[in-house]
Protein chains: 2
Amino acid sequence: MTRSAAIIGGGVIGGGWAARFLLNGWNVNVFDPDPEAERKIGEVLSNARRALPALYDNAMPDEGELQFFSDMGQAVANVDWVQESVPERLDLKHKVLGALSDLAPETAVIGSSTSGFKPSELNAEGARAIVAHPFNPVYLLPLIELVGEAERTEKAAEILRGIGMFPLTLRKEIDAHIADRLLEAVWRESLWLVKDGVATTEEIDEAIRMAFGIRWAQMGLFETYRIAGGEAGMKHFMAQFGPALEWPWTKLMDVPEFTDELVDLIAGQSDDQSGHMSIRELERLRDDNVVGMIRALKRSGSGAGGVVNAHDANLLTNETKDGLPVTARRQVPASWTDYNGHMNETHYLEASSLATDRFMAIVGADESYIASGKSYFTVETHIRYLDEVHAGDKLTVTTQVMGGEGKKLHLFHRLWNGESLAATVETLLLHTDLNTRRTCLPEEAVAKAVAAYAEEHAGKDADGHGRHVGQRQAAAPSPEGAVT
Amino acid sequence: MTRSAAIIGGGVIGGGWAARFLLNGWNVNVFDPDPEAERKIGEVLSNARRALPALYDNAMPDEGELQFFSDMGQAVANVDWVQESVPERLDLKHKVLGALSDLAPETAVIGSSTSGFKPSELNAEGARAIVAHPFNPVYLLPLIELVGEAERTEKAAEILRGIGMFPLTLRKEIDAHIADRLLEAVWRESLWLVKDGVATTEEIDEAIRMAFGIRWAQMGLFETYRIAGGEAGMKHFMAQFGPALEWPWTKLMDVPEFTDELVDLIAGQSDDQSGHMSIRELERLRDDNVVGMIRALKRSGSGAGGVVNAHDANLLTNETKDGLPVTARRQVPASWTDYNGHMNETHYLEASSLATDRFMAIVGADESYIASGKSYFTVETHIRYLDEVHAGDKLTVTTQVMGGEGKKLHLFHRLWNGESLAATVETLLLHTDLNTRRTCLPEEAVAKAVAAYAEEHAGKDADGHGRHVGQRQAAAPSPEGAVT
């Protein structure tokens, strides 16, 4: 049954929560008295539709239903999750969380997006909320800091993992949780640097993104320093740099006065740095960068890459289309497009290469089979690019087995863009011993599974296979030339 | 003429500098009394050889010559750059930088890797050094903070850009420059969180890399917050979060005492978190992640991606091999390999797709031609995978024009791995109007350039072209079937 979440307070954060739930197949009820709420959430959602599915190599579930309510009680009736994202004022949080605790089902998680308040503060007037603190853009960044009563945070963590997020449950409540304390430290020091004319906002951003930002995106602080310590390890690093703590390196013992002058200085520098792009353009640039970097981390499984891999595995389905196994269903990421404004030729092959991997897993040549020292190597491929494909398009790949005797696996992939055939990819693989790097016969179970598919698919046409490049029309190959 | 750098003090930082210069074709002289220096630098260099060229889509120059000296004067004679990376003690820096200022050529830049000292401190006893502060791994991260006398930092900046780095020249000298002040702020706050039992080292790393680390790697702090302010902009963001500065969010007004107990606590947690991997394994994981993320940023040109793109353009050469234009020379990044331990089929096509782009540029269908609304679209491709290719292998791609009448561009790429033919990629493109998305004739200049190549290449054999998948042997296509 479709699950439901209520979003209390729209805006960038509430909208990001709504998008996470919706795109993972949940129904979402929004309550926000702001007349602009529908427009604002629509804008976040349009960014999210473009970016979040691009993280995955499998299609996400069908989107849930989005509804707007003018009555808070109706919005939270029968939901599994209520997320409060109202402005950061304790009196307002008390009022809203108190009402939600009365109105929402007893079984519902009530999460607060607060960046600073502790559960003991939020619940001081009898509410039953936990902190569920997200990071902008909520539809892309996996971290949620959970703070509160153990049974509630455990339930929350399970739900969050189900929508592809990374819950980090705090051991103790503390003002501003963990991440915002670190951010606050950097923010204060940066304000000093700007105020004192040491660096502009742009120079500070360069100092971050050209160096430690890249380290932190994949390992964080301590693991990075562990490496810096070399074989001598963490103790050595601390012996070397620990004493610096007592040097006068930062002005952090003090807080800069937040004058209009400082605000103008920073806003002006920020205009010089980024004013040539609209916020919408900056958001899309950020999202494309974030998607690209997280996709890069999928390879090692580090950090956010690991979270996305785990969720991707949950998205696998077993389907058929036209009597053939569906070996891929996915959305095309912007990073797959090129200067011609369409999917680059490379990614037609990438999509079908992943389909080959999937087909191998279906017939039993899966991860553990490969770990045992056997696999298939591709020896030849022919691609017909029949139609342009664009970022955001939804691809479905079917795989037809053209032959599978002995060491051979001859596949014919069709890349469907909706109901239009965008490409065919014909590929010949040979079964190989990974130790000797020589071809060999597959294990019997794999051979049988391949043979069964080959027999089942034998009668089907395969228009466009057997062609050579530039051949005038789709002719069948001459029988004497074909090996399968 | 090959330029030379002297590295004073080996270790991880000195070794990283050595690798940057060497892999960019400089000769490098090392002076370090440590008997282990040669081994240590060798280890850094072996990591760098694997990772740095993987950032680029063009081959780097031939490596310079590495020499070790036991006499500092000999090491710095006739060099263009001297880099001091000795331990962080001011008396030692005075002694070494003073000697270098006497021994090195007057024209040489003398850079200090100091993370904390100001030029006025370094030069208090008459040295002529500037701060040139790098970030580990020096062979991958582009940032160098430059501080010192304007004429010297300008000269240094030009040299650094020439070896693919990003010099950031400070407006004012300040303890710990810019980036380390921010790092120090986070380090202090993190030590408090661990000491107070709020979070472990692993939890802090997760809080960073699952959220703001990913934001910062591509935009930094201020541009990220500008987005958070939405259309209302930076002022709105500051109005919203500025007051939080006065809240008791951090303990940064104070410095944790650096006791043995705290060191043990952190070292122990770090062992739990990362102790299952050796430092060498962690380094390679980090490097592969960093390379993957920076390569992802190349697409938008944000941050380090833009620095790598600019350097990549400098690496382009015009060569021929076997009478054919060389359209790609590159090292294979680890991210191009797959579960079979070799280059994935997708990247055979990626390498030749980039070669097609390069060939298009050679015949005048370059960036500005495409911007004018005309381009080539690939309609069909045939790939023969002839040999395995591994991470770190050096590929050379040649391009033979099989035909180029009218709208057609029929190419035959050969992927050479050293002197061994690893693949052939035959591809047919049609010239297209980017506005109507319909085929059309190319501009005359492009048509002529293509025709000239077609004529020049007409007599050459093209073993393996015209095949269909699974064809028993490399037969020529039947003439009536071929369009080119």
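**View 1. The area buried between domain 1 and domain 3 of chain A.** About 600 Å² is buried between domain 1 of chain A and domain 3 of chain A. Carbon and sulfur atoms give 43% of that area. Buried area is the accessible area (1.4 Å probe) that two parts lose on being put together, summed over both. A54(A), D57(A) and A59(A) supply 61% of what domain 1 of chain A buries here, more than any other three residues.

This is a predicted model: local features need pLDDT of at least 70, side-chain atom pairs count only at pLDDT 80 or more, and totals for chains, interfaces and linings use all residues. Residues are numbered from 1 along each chain as its sequence is written, chains are lettered from A and ligands numbered from 1 in the order in which they are written, and side-chain values use heavy atoms, without hydrogens and water.

View 2. Even so, 8 residues of domain 1 of chain A are in contact (heavy atoms within 4.5 Å) with 6 residues of domain 3 of chain A.

**View 3. A salt bridge across the interface.** R330(A) pairs with D57(A) in a salt bridge, and the closest N and O atoms are 2.6 Å apart. The rule (a side-chain nitrogen of Lys or Arg within 4 Å of a carboxyl oxygen of Asp or Glu) finds 1 salt bridge across this interface.
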